[in-house]
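Hello,

Here is the structure I promised to pass on. My notes follow below; could you look through them when you have a moment?

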Amino acid sequence: MPSRRYVQGWGALSLAVGAVLVTTAAAQAPAPGRAAVAAARGPALLTVGTCSVTGGLCRVPRTTVSLDAPAPVELPGVATGPVDLALRTPGRLTDVTVTDRRGRRIAGRAGGDGTRWTSDVPLPAGGAYTARLVLEEDRPGGVRRRILRLAVRTAKAPEGERLTVAFGPGEGAPGRTYGVGQPVTAQLSHPVPAAEPGARRIVERALEVRSEPRAEGAWHWVDADTLHYRPRVYWPSGATVRVRSGLDGARVTDRLHGGRSRPLTFTTGSRVEAVTDVAAHEMRVYRDGRLLRVIPVTTGKPGFRTRVGTKVVLGKESMVRMRGDSIGIARGSREFYDLKVRWATRVTWSGEYLHAAPWSLDAQGSEDVSHGCTGMSTEAARWLFRTVREGDLVRVVHGYGEPMTPFGNGYGDWNLGWPEWLRGSALGVRPARPGSAGSPLRPAL
């Protein structure tokens with residue numbers, strides 16, 4: 001399926017002890033002789049440092065590494081704030097993707113000139129991550145593109161470290177509005193393994209989610225340092241959701257106590273759902289149950305079938321470059337593509353979009369010809385792009401593809417039934433209380 005991860009979709013990067021840069025591939029335009037190129041290029045240098053707080057100044061000391069002669073990078077074991085990555089020699093970082101060991105993308109943002117990139121939050125201690133960086137350099141004869149990989153491992157937390165929580169979505173700026181399918185995420189600064197159920201119960205009870213209007217919901221442990229929270233049946237339209245941690249000062253284990261964490265507040269908009277019927281080759285878009293539009297579409301052809309199930313809008317890009325090698329299609333093969341695509345609405349981190357596909361107009365409404373994305377006319381894609389927001393629901397029904405996974409490739413949380421969701425809670429399956437949300441010990445406002 002077409003995918004090109006641009007700056008808007010870049011994941012966050014947090015680096016620590018044991019980071020190793022490895023050049024894995026290079027794609028370059030025809031160049032002059034080796035001697036001329038060698039004379040023209042010096043070592044590409046990258047510096048890494050940490051910021052005092054989210055949105056704060058990034059401080060020294062910084063570690064500098066040569067991308068031409070990669071070596072291990074040693075940084076403080078636990079970053080006190082987001083990690084900052086800066087290119088110190090001519091060139092551009094055109095693509096950065098960072099995932100954890102489960103394949104989940106870490107959120108972050110890039111500077112406008114392509115030379116600096118900063119994570120949204122610090123990474124927890126004791127984690128392992130993989131970063132993929134694309135570096136473009138102007139060289140004699142054309143642009144030289146290099147693909148590099150960065151293996152990242154954060155050190156285990158020393159004794160006495162505080163357990164803090166980074167909540168998502170985004171930075172939770174007051175007034176930010178999301179769709180009714182947006183889960184709440186909680187990233188812990190230290191892992192709390194399943195082998196410590198008592199500690200997990202302490203953590204879960206302290207993470208409060210309150211909504212107005214009220215909505216019954218629960219936390220689900222994705223892994224040792226990540227939880228997701230969702231209502232039983234979506235958020236109400238026009239709700240205000242407040243999330244906070246009550247861990248500050250709490251004793252979690254003999255060696256771990258809670259620290260202070262930043263709260264999160266967001267609102268929800270109308271209930272917008274885009275339902276693609278693969279068998280009928282059409283998409284129906286609803287707002288609060290009212291049909292807005294029926295759009296002829298084409299979905300994934302055999303070998304590239306579109307995932308079925310419920311997804312959540314992750315972001316929108318008015319223009320994105322999609323290349324076949326990003327999903328494993330060899331350059332030069334019959335299936336390879338390299339396209340600039342307009343009005344792209346993203347629903348998976350691996351690169352599934354709803355986008356304009358003017359090259360397949362004849363197939364839209366009658367045949368599946370894409371590499372996994374949902375294609376439509378340019379006018380329809382522009383309309384959809386302007387109609388949906390992050391957190392809105394995208395459902396694929398009557399299809400032939402693999403099911404959307406609950407975690408690791410976007411927000412597939414809604415593909416778990418409520419009883420199964422509750423089994424991921426450390427508090428156990430409990431009877432529902434009408435109108436409840438958040439901790440069972442703290443009713444919603």
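Leu163 stands opposite Gly258 in β19. This is a predicted model, in which local features need pLDDT of at least 70 and side-chain atom pairs count only at pLDDT 80 or more, while totals for chains, interfaces and linings use all residues. Residues are numbered from 1 along each chain as its sequence is written, and side-chain values use heavy atoms, leaving out hydrogens and water.

β10 runs parallel to β19 (residues 256–258), joined to it by 2 bridges. (Helices, H or I of at least four residues, and strands, E of at least two, are DSSP runs numbered from the N terminus; strands pair if DSSP finds at least two bridges between them.) The open sheet has 3 strands in the order β10-β19-β18, with mixed pairing. β10 and β18 are its edge strands, each pairing on one side only.

α2 lies across β10 and β18, at about 150 degrees to β18 (axes are lines fitted to C-alpha atoms, for helices over the stretch in contact, with angles from 0 to 180 degrees between N-to-C directions). Buried in α2 are Ala199, Arg200, Val203, Glu204 and Ala206 (under 20% relative accessible area, 1.4 Å probe, protein chains only). They sit on the same side of α2, because their arc around the axis is only 165 degrees, taken from the directions from the helix axis to the C-beta atoms. Their cover includes β10 (162–163), β13, β14, β15, β17 and β18 (251–253), with contact meaning heavy atoms within 4.5 Å.

Best wishes

How values were computed
Buried means under 20% relative accessible area, exposed over 50%, partly exposed in between (1.4 Å probe, protein chains only).
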